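Me: I have a structure open and want to go through its side-chain contacts. Can you take my questions as they come?

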Amino acid sequence: MEHMSPRLRAFLSEPMGDKDIGWVDGVSHELAINLVTKGFSKAYILLGQFLLMHKDEAEFQRWIVGCCGATECEARTSARCLGEWCACFL
């Protein structure tokens, strides 16, 4: 299995519930501020956007970079985090 960061492991360890956006692996403090400003204050709201994109990690990455100012690394990491969560819980 690929290396899993402690933050990703923590995120995947339980259902999402009402976690703030900062719990999503790959979401930095700066990106969290940008996301909250755009209405994505909770992890489940960001997950909804990911699901609207049919769990297409590449499409989600383009969206979060273009609309929310994520770096390529943040985009890749957050997309992987949400994809992994879906694989575990959906």
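Reply: One term to begin with: buried means under 20% relative accessible area, exposed means over 50%, and partly exposed is in between (1.4 Å probe, protein chains only). This is a predicted model, where local features need pLDDT of at least 70 and side-chain atom pairs count only at pLDDT 80 or more, while totals for chains, interfaces and linings use all residues. Residues are numbered from 1 along each chain as its sequence is written, and side-chain values use heavy atoms, with hydrogens and water left out.

Me: Is Asp-18 buried or exposed?

Reply: Asp-18 counts as exposed because its relative accessibility is 52%.

Me: What does Asp-18 form a salt bridge with?

Reply: Its partner is Lys-42, with the closest N and O atoms 3.7 Å apart. The pair links distant parts of the chain, 24 residues apart: Asp-18 is in the loop between α1 (6-12) and α2 (29-37), and Lys-42 is in the loop between α2 and α3 (43-52). A salt bridge here is a side-chain nitrogen of Lys or Arg within 4 Å of a carboxyl oxygen of Asp or Glu. Helices (H or I, at least four residues) and strands (E, at least two) are DSSP runs, numbered from the N terminus.

Me: And Lys-42, buried or exposed?

Reply: Lys-42 counts as buried, at 19% relative accessibility.

Me: Which other Asp forms a salt bridge with Lys-42?

Reply: Asp-20 does, and there the closest N and O atoms are 2.9 Å apart. Asp-20 lies in the loop between α1 and α2 and Lys-42 in the loop between α2 and α3, so this pair ties together parts that are 22 residues apart in sequence. Asp-20 is partly exposed, with a relative accessible area of 42%. Through shared partners, salt bridges join Asp-18, Asp-20 and Lys-42 into one network.

Me: How many salt bridges in the whole structure?

Reply: The search finds 4. One of them is between the side chains of Lys-19 and Glu-14, at 3.1 Å, N to O.

Me: Where does Lys-19 lie, and what does it touch?

Reply: Lys-19 lies in the loop between α1 and α2. Not counting residues up to four places away in sequence, it touches Ala-10, Phe-11, Glu-14, Lys-42 and Ala-43; contact means heavy atoms within 4.5 Å. Lys-19 counts as buried because its relative accessibility is 8%, whereas Glu-14 is partly exposed at 35%.

Me: Which ring does the charged end of Lys-19 sit over?

Reply: The ring of Trp-23, 4.8 Å from its centre. The criterion is NZ of Lys or CZ of Arg within 6 Å of the ring centre and within 35 degrees of the ring normal.

Me: Moving to rings. How many aromatic pairs are there?

Reply: A search of the whole structure finds 4 aromatic pairs. Phe-40 and Trp-63 form one that is edge-to-face, 5.2 Å centre to centre with 65 degrees between the planes. Phe-40 is in the loop between α2 and α3 and Trp-63 in helix α4 (residues 57-68), 23 residues apart. Both Phe-40 and Trp-63 are buried. Phe-50 and Phe-60 form another edge-to-face pair, at 5.4 Å and 85 degrees; Phe-50 is in helix α3 and Phe-60 in helix α4.

Me: What are the cut-offs for a pair?

Reply: Rings of Phe, Tyr and Trp (its six-membered ring) pair if their centres lie within 6.5 Å; planes under 30 degrees apart count as stacked, over 60 as edge-to-face and the rest as tilted. Ring pairs link Phe-40, Phe-50, Phe-60 and Trp-63 into a cluster.

Me: What does Gln-49 touch?

Reply: Leaving out residues up to four places away in sequence, Gln-49 touches Phe-40 and Trp-63. Gln-49 lies in helix α3 and counts as buried, at 18% relative accessibility.

Me: Which residues touch the most other members in the largest nonpolar core?

Reply: Of its 28 residues, they are Phe-11, Val-24, Leu-35, Leu-46, Phe-60, Trp-63 and Ile-64. α1, α2, α3, α4 and α5 (72-89) are the elements that give two or more residues to this core, and α5 gives the most, with 6 residues. A nonpolar core is a set of buried Ala, Val, Leu, Ile, Met, Phe, Trp, Tyr and Cys residues joined through side-chain atoms within 4.5 Å.
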